[in-house]
Amino acid sequence: MALSYTVESPSPGFNFENSTRNVVFEALLNEGKSKAPSPLKTGTTIAGVVCKDGVVLGADTRATSSEVVADKMCAKIHHIAPNIYCCGAGTAADTKQMTDLLASNLSIFTMNSGRNPRVVMAMQILQDMLFRYRGQIGANLILGGVDCTGNHLYTVGPYGDMDKVQYLAMGSGDLAAMGILEDGFKPSMELESAKKLVRDAIHSGIMSDLGSGNNIDICVITRQGVDYIRPYEESAYKDK
Amino acid sequence: MNTRGLRSQLKDSVPVAGLCTQAGSYGVQDPLRKGFSSVKNELLPSHPLELSEKNFHLNQDKMNFSTLRNIQGLHAPLKLQMEYRATRQIQRLPFLQSSNIALDTLRGNDESIGFEDVLNDPAQSEVMGDPHMMMEYKLGLL
């Protein structure tokens, strides 16, 4: 009687009431034959290349919602720190939220210590966060940046697996893009040829994959600064 | 002396018997507030992350303390746990949300942002307990 007036404050973080509700619904309706709708994944082609002077990241700009193009000028290259940028593939909301949290954490670090963040730090924070949620956050990320230790390119998968590589492609168009990268990559390339290689890789992803399309964005990170070229190349089928 | 009153002042929060929360006037679970009830849901987790999220901070603390004990000896986790216990007692009145600044600084949460700071912030919860009832419960007068 009186105990019903005392309230337990909810614990901060994720609340799993809706999944409880979904389980009850699936049991009630259709005796378990109909399933709850699953979140939509968007197709993408993203690629990154380490060159002599820095790192070049590229992405297409199409966001799909099943068969409809939801956004023709989606920005898939997210700003993490003045010297670190991140391309995201997978569930669009998840990549955006992950990169925002990462950017906030790194800017707190910068304000605290007065130093520029390193790419390993960003990678470690992402890995910890994604592993904690056991792959339920669908974010495939390519993290690239230039810091005091050199030019780095990392990939982080949704389960927290990471790899440090010289060139990389991810997303639904990654097979086509990887083919171009494997063929054209040389260690310590010049900046202009690296930009052309990334552009060719994204272009082949756009041509071969239905989920990727529209324009190509390129982000060039060097010691001197960042050049975020948006769009680097516009689609030939743009409305006039 | 009313020992229950003194003991509740040392507790971190006002404990509530599990089944009585959100009970309607007849003691039955209120579906509008609690949602559909099913015995299976209360026994088994409905989401793969539910259990691991509930115990996440506990498990992290356990791991950190045992590593600390192995490296520095028993005194290190003991001293830290004493500090945690002391800072956990700095609370507002039971129906108000405390900022827990000292506890956050000890844990290192003041330098990081995660989902706990964005989602389901208890400071912005839509329900609040009845102030008089909660104070009386805490002081053992109820």
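# Reading a two-chain model

Guide: Arg134(A) is found in the loop between α3 and β7 of chain A. Helices (H or I, at least four residues) and strands (E, at least two) are DSSP runs, numbered from the N terminus. This is a predicted model, in which local features need pLDDT of at least 70 and side-chain atom pairs count only at pLDDT 80 or more, while totals for chains, interfaces and linings use all residues; side-chain values use heavy atoms, with hydrogens and water left out. Residues are numbered from 1 along each chain as its sequence is written, and chains are lettered from A and ligands numbered from 1 in the order in which they are written.

Visitor: How do I read a sheet, and what is the order of the five strands in the open sheet of chain A?

Guide: Strands of a sheet pair through backbone hydrogen bonds, either parallel or antiparallel. Two strands count as paired if DSSP finds at least two bridges between them. Here the order is β5-β6-β7-β8-β9 (chain A), paired antiparallel. β5 (77-81) and β9 (162-164) of chain A have a single partner strand each, so one side of each is left without a neighbour in the sheet. From one strand to the next the twist averages 20°.

Visitor: How many bridges join β5(A) to β6?

Guide: Four bridges join β5(A) to β6 (residues 84-90) of chain A. One pair of bridge partners is His78(A) with Cys86(A), the latter in β6(A).

Visitor: Which helices pack on the sheet?

Guide: Contact means heavy atoms within 4.5 Å. Angles run from 0 to 180 degrees between N-to-C directions, with axes fitted to C-alpha atoms, for helices over the stretch in contact. Helix α2 (residues 92-113) of chain A touches β5, β6 and β7 (139-147), and its direction makes about 20° with that of β5(A). Helix α3 (residues 119-132) of chain A touches β6, β7, β8 (150-156) and β9, at about 160° to β7(A).

Visitor: Which residues touch the most other members of the largest nonpolar core?

Guide: A nonpolar core is a set of buried Ala, Val, Leu, Ile, Met, Phe, Trp, Tyr and Cys residues joined through side-chain atoms within 4.5 Å. The largest has 24 residues, and among those touching the most other members are Ile80(A), Met98(A) and Leu126(A). The largest share, six residues, comes from α3(A). Beyond its neighbours within four places in sequence, Leu126(A) is in contact with Met98(A), Leu102(A), Leu141(A), Leu143(A) and Val156(A). A second, separate core of 19 residues includes Ala169(A) and Met189(A).

Visitor: At what angle do α5 and α6 of chain B pack?

Guide: Helix α5 (residues 56-72) and helix α6 (residues 75-88) of chain B pack at about 140°, with their axes 7 Å apart. Angles under 35 degrees count as roughly parallel, over 145 as roughly antiparallel, 65 to 115 as roughly perpendicular and the rest as oblique. The two helices are therefore oblique to each other. Residues making the contact include Phe65(B) and Leu68(B) of α5(B), and Leu80(B) and Tyr84(B) of α6(B).

Conventions. Buried means under 20% relative accessible area, exposed over 50%, partly exposed in between (1.4 Å probe, protein chains only).
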